[in-house]
Amino acid sequence: MKRFRRIKTFFTDTVALMKQKQYKEIGNKFKRFFVGMKFTDGLLYKILIYGLLISLGYIYLYPILYMLTNSFMTMADIIDVSVKWIPSSLNWENYQLVWEAINYPVALKNAFILAIFPALSATVSSAIIGYGFARFNFPLKKLLFVLMIATFIIPPQITMLPTFRMYSKYELLGSLKAFIYPAILGQGLNGAIFILIFYQFFRMIPKSLEESAQLDGASHFQVFLKIAIPLAVPSIIIVFLFSFVWYYNETYLSGLFLRGSDLLTLPLRVDQYINNYTSIYPEGSRARELMQAVKLAGNVLTILPLLIIYFFTQKYFVESIDRTGITGE
Amino acid sequence: MKRFLNKVGGFFKKQLPRIAKKVKTFTVQNTPRELIFFRIIKFRKSNRGRQAMIGYSFILIWIIGFLIFSLYPVFYSLYLSLFKVRLDGADIQMTFEAFNNFKAAFVLDPYFVEILLSYILNTIVNVPVVIVFALIIAMLINQDIKGKGFWRTVFFLPVIISSGPIIGELIDQGATTLPSIEDYGFVNLILDNIGSFLATPIQNLLETILLVLWFSGIQILILLAGLQKIDRSIYEASMIDGASPWESFWKITLPSIMPLISVSVIYTVVSMSVFSLNEVIIYIRTIMLGESTIGTLITGYGYSAALAWIYFFVMVGIILLFIGLLNIKSLNLKNVREMRRRRRSRI
C-alpha cells in the first residue's frame with residue numbers, strides 16, 4: 001500500500017510540475033523515483049532483485065516441476081509433442097504401479113530405520129567430539145583437528161575396499177551395524193562437517209558459564225550434559241536433520257554394504273525395481289517409453305517424505321544457520 | 001654352596017630394579033605430581049594436564065574411529081595399490097608390482113587419462129560458476145526482500161533432494177538442461193569461435209547448468225551465514241564517505257567473506273569429486289567390481305586402489321590451485337616488501 005501511495009504522489013507531483021513547466025525538477029524526480037537516493041532504494045533496483053530471484057528460483061524449481069508433471073503423464077501424453085507441461089489428465093496409474101511393486105509402506109519404514117539410527121548415533125558422537133575439540137586444550141590438538149578435516153577430503157573410493165573386507169570379516173555386511181558403528185565413532189557420512197558444526201557452536205558459549213558451574217561443584221561431564229547440551233539444541237536439530245537426509249539419500253555405500261539384504265534405501269529400491277522392469281521389455285519399445293513416467297513417479301515417491309519433513313522443519317534448516325556454526329571458519 | 005646362592009641372590013638383586021621397571025611399563029602410576037599410563041603417556045596433575053586428560057577422553061571415540069575406519073583403510077589401500085590383487089573366493093592372491101599400477105594408469109589404460117582430464121577441466125570451469133552463483137543468491141536473500149522464507153526454502157531445496165539416482169534420472173530425462181539455452185544457437189556460436197579444448201567444458205557447463213547450480217545449496221548457506229555476520233555499521237560508515245554499493249561490495253563484502261569463499265571452494269570440489277555420478281568414480285567402481293584377469297594389469301582391486309589414489313592427488317591439486325588463486329591478491333609486492341622490511345628490522 002505504501003508503495004502505491006508513493007507512486008500516486010509521484011504522478012500527481014510530476015503533473016503539477018509539468019503545469020509549472022519546471023522540466024529540470026521533473027528530471028530529478030524521475031531519477032529519484034527510478035534510481036533512488038543511493039540506487040539501492042530505487043524502483044530499478046527492486047526490479048533487478050526480484051527479476052534475478054525469480055529467474056534463479058525457476059532454475060532451481062525446474063527439475064522438481066518437471067518431475068512432478070511428467071510423473072502424471074500417460075503414455076499418450078509423453079509421446080504427444082504438444083503436451084509439454086500440463087498432462088491431459090491426472091493419471092495416478094504410475095504411482096499405483098510403483099507403490100505396489102516396491103511395497104511402499106514397508107520400503108519407507110525400512111528406509112527410515114536405515115536413516116534414523118545412524119543419524120542419531122552420528123549426532124550424539126559428533127556432539128561429544130565437537131565439545132572435546134572446542135573446550136579443551138591438549139597436546140597434538142591441531143594435528144588431530146587437521147586429520148579430522150582430512151577425513152572429509154579423502155574420497156570413499158580409497159577406503160572402500162579395506163572397509164568392505166573389514167566388514168565382511170566381522171560380519172557387519174548386510175546389517176544396520178555397518179552404518180551405525182562408524183557413526184558412533186564419529187566417522188559416519190560427512191562426520192567431519194557435523195563435528196565442525198558442534199565445534200563452532202560450543203566455542204561460542206562463554207567460558208564464564210562453565211566456570212561458574214564448576215564453582216558450584218560441577219564436573220566437566222556435568223557441565224557438558226547440563227549446560228552445553230541444552231544450549232546446543234538448534235545445532236543438534238540441524239545436525240540430525242542433515243545427517244538424516246544424507247543417510248536417506250545415500251546410495252553408493254549402501255549399495256555396497258547392504259547388497260542382498262532387506263534393508264535398502266528407498267532410492268536404491270526404486271532403482272532396483274525400475275531396472276528389473278525395464279529389462280523385461282526390448283529397447284525402444286512402447287512400454288519402455290512409458291517407463292519414463294513410472295521412473296519419475298518412483299522418484300517423486302522417494303523424495304516426498306523428505307519434502308514433507310523439510311516443509312515442517314524448514315525453519316530449523318534455514319534460520320538456525322547463523323546460530324550454528326555451519327560456516328566452519 | 002653359600003657362595004653360589006649369594007651369587008644367585010646378587011644376580012636377582014641386580015635384576016630387580018630392571019624387572020620392576022618392566023612391570024611399571026604396563027601399569028598406571030599415580031604419583032603425587034603426575035598420572036602416568038604405561039610410562040609413556042604422562043598427565044601432569046596441574047590444571048592444564050587435567051584439562052588435556054578430559055579433552056582426550058571427550059575425543060577418544062573419534063581417535064578410535066579414526067584409527068579403525070579411516071587410517072587403517074587408507075594405509076591398507078595404499079599398500080594394495082602396490083600389488084596385483086586377485087580374489088579367489090575368500091582368500092586374496094597378491095603379487096608385488098611396485099609402482100607398475102600407477103604407471104599402467106597412464107601408459108596402458110586407454111580410458112583413464114582421458115576421463116581424468118575431462119574431470120579436471122570440468123571441475124575447473126564449474127567451481128567458479130557454483131561459487132559465483134552461490135554468492136549472488138546469498139546476497140539476494142540477504143537483501144530486504146519480501147517472502148524471505150519462501151526464497152530460502154526454494155534455494156535450499158537441492159540439498160534435500162540431490163542424491164545419486166534421482167539426479168541420474170533427471171539427467172537421463174534431460175531435465176537438467178534448460179530448454180531455452182539449447183533453443184538458441186548460443187552453444188554453436190561458442191563452438192565455432194573457440195578451440196575445442198576450451199569449448200567442450202563450456203558446452204558441458206551449459207548443458208548441465210542445472211546440475212551445477214544444484215551443487216550450490218550448502219555453499220549458499222555458508223556464504224549467507226558469513227554475510228549476516230558483517231556489521232551493518234561498516235556499510236553505513238562507507239556510505240557516508242561516499243562509497244557506492246558497487247564499491248562497498250568489492251571493498252567490504254568480499255574481503256570479509258573471503259575465508260568463507262575458500263571454505264566453500266573446498267566443499268564444492270570435494271562434493272563434486274565424490275558425487276556418485278562423477279565419471280571417474282564410476283570408472284573406478286567398475287574396475288573395482290570387475291573380474292580381474294591374470295594377464296592384464298589394468299583390472300582388479302590393486303589397480304583400482306592406485307586409480308583412487310591418483311584421483312585423490314589430482315583432487316588435492318585442484319583444491320590447492322583454487323586456494324592459491326584466491327590468495328594471490330594478498331601476496332602482492334607491497335606486502336612482501338613490507339614483510340621483508342619488518343623481518344630485517346627485527347634482526
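Helices in this tour are DSSP runs of type H or I with at least four residues, numbered from the N terminus. The structure is a predicted model.

Select helix H3 (43-71) of chain A together with helix H4 (112-142) of chain B; each supplies at least two residues of a nonpolar patch. Display the side chains of Leu48(A), Leu52(A), Val132(B) and Ile136(B), which make this surface patch of about 310 Å². Then centre the view on Leu52(A), a residue of helix H3 of chain A. Its relative accessible area is 34%, so Leu52(A) is classed as partly exposed.

**Second stop: the nonpolar core**

The largest nonpolar core has 178 residues. Which residues have the most contacts inside it? They are Phe133(A), Phe202(A), Phe242(A) and Phe155(B). To follow the core into chain B, colour domain 1 (26-73) and domain 2 (103-162 + 215-346) of that chain, since the core draws at least three residues from each of them.

Now select Phe202(A) and show its surroundings. With residues up to four places away in sequence left out, Phe202(A) touches Ala127(A), Gly130(A), Tyr131(A), Ala134(A), Arg135(A), Phe224(A), Ala228(A) and Ala232(A).

How many salt bridges does a search of the whole structure find? Over all chains, the search finds 1 salt bridge. Select Arg135(A) and Glu210(A), whose side chains meet in a salt bridge with an N to O distance of 2.8 Å. Arg135(A) belongs to helix H6 (residues 104-135) of chain A and Glu210(A) to helix H11 (residues 207-215) of chain A, so the pair ties together parts that are 75 residues apart in sequence.

Are these two partners buried or exposed? The cut-off for a buried residue is under 20% relative accessible area. Arg135(A) has 6% relative accessibility and therefore counts as buried. Glu210(A), also at 6% relative accessibility, counts as buried as well.

Most residues other than glycine have a negative phi. Two residues of chain A may be inspected with this in mind.

Select Leu140(A), where phi is positive, near 70°, in a residue other than glycine. Leu140(A) is found in the loop between H6 and helix H7 (141-153) of chain A. With 57% relative accessibility, Leu140(A) counts as exposed.

Move on to Asn190(A), which is not a glycine and yet has a positive phi of about 55°. This residue sits in the loop between helix H9 (177-184) and helix H10 (191-204) of chain A. Asn190(A) is partly exposed, with a relative accessible area of 24%.

Of the 347 residues of chain B, 43% count as buried. Switching to a surface view shows a chain that exposes about 19,900 Å², with carbon and sulfur atoms supplying 65% of that area. Among the contacts in chain B with a separation of 6 or more, 63% come from residues 24 or more positions apart.

Finish at Ser262(B), in helix H13 (residues 245-273) of chain B. Ser262(B) counts as buried, at 16% relative accessibility. Which residues does Ser262(B) contact, leaving aside neighbours within four places in sequence? The contacts are with Ile323(B) and Leu326(B).

Notes: Residues numbered from 1 in each chain as written. Chains lettered and ligands numbered in written order. Predicted model: local features only at pLDDT ≥ 70, side-chain atom pairs only at ≥ 80, totals over all residues. Heavy atoms only, no water. Patch = residues over 30% accessible without salt bridge, like charges linked within 9 Å, V, L, I, M, F, W, Y side chains within 5 Å. Areas by Shrake-Rupley, 256 points an atom, 1.4 Å probe, with all protein chains shown as cover. Salt bridge = Lys/Arg side-chain N within 4 Å of Asp/Glu carboxyl O. Buried < 20%, exposed > 50% of the residue type's maximum accessible area, 1.4 Å probe, protein only. Core = buried A, V, L, I, M, F, W, Y, C linked by side-chain atoms within 4.5 Å. Domains from an automatic or database assignment. Contact = heavy atoms within 4.5 Å.
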